[in-house]
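I opened this entry to record what I looked up, beginning with the surface.

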Amino acid sequence: SLKLVYYDPCENSITLEKYLTEHKPLSTLDCKRIVVRICKALGWLHTRKNYVHLQIRPENVIVDPVTLR
């Protein structure tokens with residue numbers, strides 16, 4: 001069965017798409033931070049909650065523009 005998850009973002013959060021548009025070019029360190037955090041979040045969803053994210057793209061990823069979390 002499909003499970004729908006809705007996340008109500010924090011007040012200061014923005015989509016990764018918007019962040020990438022506003023912060024070009026990204027440093028290698030920032031790219032690594034973003035990718036590692038996305039992988040950790042997806043790993044947690046998959047192993048702990050048995051969820052599979054089918055549409056991983058910048059407009060579906062929420063980040064804090066200050067901490068990149």
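I looked up the accessible surface of the protein chain in this predicted model: about 5900 Å², with 56% of that belonging to carbon and sulfur atoms. The areas come from the Shrake-Rupley method with a 1.4 Å probe, and for residues only the protein chains shown count as cover.

I noted the conventions. Residues are numbered from 1 along each chain as its sequence is written, and side-chain values use heavy atoms, with hydrogens and water left out. Local features need pLDDT of at least 70 and side-chain atom pairs count only at pLDDT 80 or more, while totals for chains, interfaces and linings use all residues.

Next I checked burial. Of the 69 residues in the protein chain, 12% count as buried (under 20% relative accessible area, 1.4 Å probe, protein chains only).

For Ile14 I looked up contacts (heavy atoms within 4.5 Å). Setting aside residues up to four places away in sequence, Ile14 touches Tyr19, Glu22, Val61, Ile62, Val63 and Pro65.

I turned to Asp30, which sits in helix α2, residues 28-49 (helices are DSSP runs of H or I, at least four residues, and strands runs of E, at least two, numbered from the N terminus). Asp30 counts as buried because its relative accessibility is 18%. Beyond neighbours within four places in sequence, Asp30 contacts Tyr19 and Leu68.

Last, I read the chain order: 2 helices and 2 strands, in the pattern β-α-α-β.

Key
Buried means under 20% relative accessible area, exposed over 50%, partly exposed in between (1.4 Å probe, protein chains only).
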